[in-house]
Amino acid sequence: MTKQVPPTALLPLSPEQLARLQAATTDFTPTQLAWLSGYFWGQVNQTGAASIVAAAPAAAEAPSVTVLSASQTGNARRIAEQMRDDLLAENINVKLVSAGDYKFKQIAQEKLLLVVTSTQGEGEPPEEAVALHKYLFSKKAPKLPDTAFAVLGLGDTSYEFFCQSGKDFDSKLAELGAERLLARVDADVEYQPAAEAWRKEVVALLKDRVPASSATPSAVLASGAVNEVYTSPYTKENPLSATLSVNQKITGRNSDKDVRHLEIDLGESGLRYQPGDALGVWYQNDPALVKELVELLWLKGDEPVTVGDKTLPLAEALQWHFELTVNTAAIVEKYATLTRNDALLDKVGDKTSLQAYAASTPIVDMVRFAPAQLDAQALVSLLRPLTPRLYSIASSQAEVENEVHITVGVVRYDIEGRARTGGASGFLADRLEEDGEVRVFIEHNDNFRLPEDSQTPVIMIGPGTGVAPFRAFMQQRAADGAEGKNWLFFGNPHFTEDFLYQVEWQALVKEGVLNQIDLAWSRDQDHKIYVQDKLREQGAELWRWINEGAHIYVCGDASRMAKDVEQALLDVIATYGDMDTEAADEYLSELRLARRYQRDVY
């Protein structure tokens, strides 16, 4: 008679280990258990283990579904991770990969490809997906007759090129012969409902199309953990309530700009970040702005309105839950339809006119110019949810420990003599007092990191408040005793008024940490000088540093500065590398793929 072997004898765990594991996971959902299986599999792979549990042969197979995350601020990444978990819960083999790590020349081998992408700047792909986007739109892009795909695009209707990156990937994949599994979805700022519906539809389709793995959950391939830097209980949805300790204006009294250096005390929260990360800040609208808007609509502010599953007084809802400082074409169009205002109705249907009006006319001034009487719920139904603002972190915890520093350019302008400010920047500069509480979280950015080798030279290009992350970089390099050379290109209008962190940069030069600094003051002479002019001026030396293996970093405005800087870099590469335009562009793309050319642009 054959004796049956006890099941535990087949496991690579002792009875005590098995008991602890079962006790630790008793309250986990199936999705969480599936995620854990993928997490532990990823841990094994990361450690380079030579042997894998023999009971998991399916893990060695090529994944059936690839989920591609092309994220700028983390939202696309989070949805991609949720999509992976959804598929794991159905026992479908899946691989999650960041677009920045994706070996895109193998795209023709993909059978099922899911793309979750945001859009930045003027309709451009997120930074980590630029190289993939260029490749697909080049002559080298392969035909994809054996690939099926679906695209979810994230965007913001206040921008002219709403979800353009998603539209680009969707149309190009179809043009290359891939099969569209379902129609592209374009999601606005309040993306969660659309994203959830898209995920459910994709899962339903793939359940019919992909047979569930016959392997145990531990064998389901779930590689490709994206941007996992530190675990933290504090998130965008559950922020840390921190304390503002310093609010210092760092532009001169005669500057046209109001730039603040803010220091926030994280206390004993244990919140961790790295140079290159961003600080997410939740803010409240100005009560004076709320009062002005309410009164213009002949409301009182105490009217009850529904916000999600809550009922709140109108004034409280407007202050805490809705975007009031950024107008959009969609809001203008809805307001015109509701109020039947002739001047606004003339713009309906004309996208360019609506965009131009929204860009130049804040919501409160639109209401002032086209007064109407709305009920409270109709007003909030016009508006978009308030979203946090992200600021490049200007400090290293090696230097400041339980603090985080940011550099905030305060948005100030006037409309017919009425002073207006940005929502978050006005809150931080004018209404948040020192020792006041502010809700924050860390948005990790693995696509803007110092080189692992501390001897690698670093070139930093950051005009205006774009210099912020490079303050963090230099604090970290100094703390590490990094031997690599450091070169900063900085620009602003005036030397005397706008040299942000001047004393610190001069000290770093004196100490030998900052080996070279080039400054561009655009308004200190008859002809304007910008950082891109300094790049061309220093072309020979710049090319020498690049040949020495330097990493290039760019931070700041995406719409103009980043494009002008990239063109200057291409000119330097072409001139001093003796290349034509196409070869220079390919060379810069190779630098990007090697993580030697990184941008944090907005």
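**View 1. Fourteen-residue lining: 14 residues line the largest cavity, and G100, E127, E128, R592 and R595 lie nearest its centre.** The model is predicted; local features need pLDDT of at least 70, side-chain atom pairs count only at pLDDT 80 or more, and totals for chains, interfaces and linings use all residues. Residues are numbered from 1 along each chain as its sequence is written, and side-chain values use heavy atoms, leaving out hydrogens and water. A cavity is a set of points, on a 1 Å grid over the protein atoms alone, where a 1.4 Å probe fits but cannot get out; lining residues have an atom within 4 Å of a point. The largest cavity has a volume of about 150 Å³. That volume is the space filled by probe spheres set on the points, with grid points joined across faces, edges and corners. The count at 30 Å³ or more is one cavity.

View 2. Helices (H or I, at least four residues) and strands (E, at least two) are DSSP runs, numbered from the N terminus. β21 gives the most, with three residues.

**View 3. Helix α21 (residues 561-576) packs against α22 at about 115°.** Their axes are 9 Å apart. Axes are lines fitted to C-alpha atoms, for helices over the stretch in contact; angles run from 0 to 180 degrees between N-to-C directions. α21 and α22 are therefore roughly perpendicular to each other (under 35 degrees is roughly parallel, over 145 roughly antiparallel, 65 to 115 roughly perpendicular, the rest oblique). E566, L570, I573 and A574 of α21 contact A584, D585, Y587, L588 and R592 of α22 (heavy atoms within 4.5 Å). These residues divide into six nonpolar, no polar and three charged.

**View 4. Helix α7 (residues 287-296) crosses helix α8 (residues 314-321) at roughly 130°.** Their axes come within 10 Å. α7 and α8 are therefore oblique to each other. The crossing of α7 and α8 is right-handed. P287, V290, L293 and V294 in α7 meet L314, A315, L318 and Q319 in α8. The contact comprises seven nonpolar residues, one polar and no charged.

How values were computed. A crossing is left-handed if the near helix is turned anticlockwise from the far one by less than a right angle, and right-handed if clockwise. Ala, Val, Leu, Ile, Met, Phe, Trp, Tyr, Cys and Pro count as nonpolar, Asp, Glu, Lys and Arg as charged, and the others, Gly among them, as polar. On a 1 Å grid over the protein atoms alone, a cavity is a set of points where a 1.4 Å probe fits but cannot get out, and a pocket is an open set with protein on both sides within 12 Å along at least five of seven lines; lining residues have an atom within 4 Å of a point.
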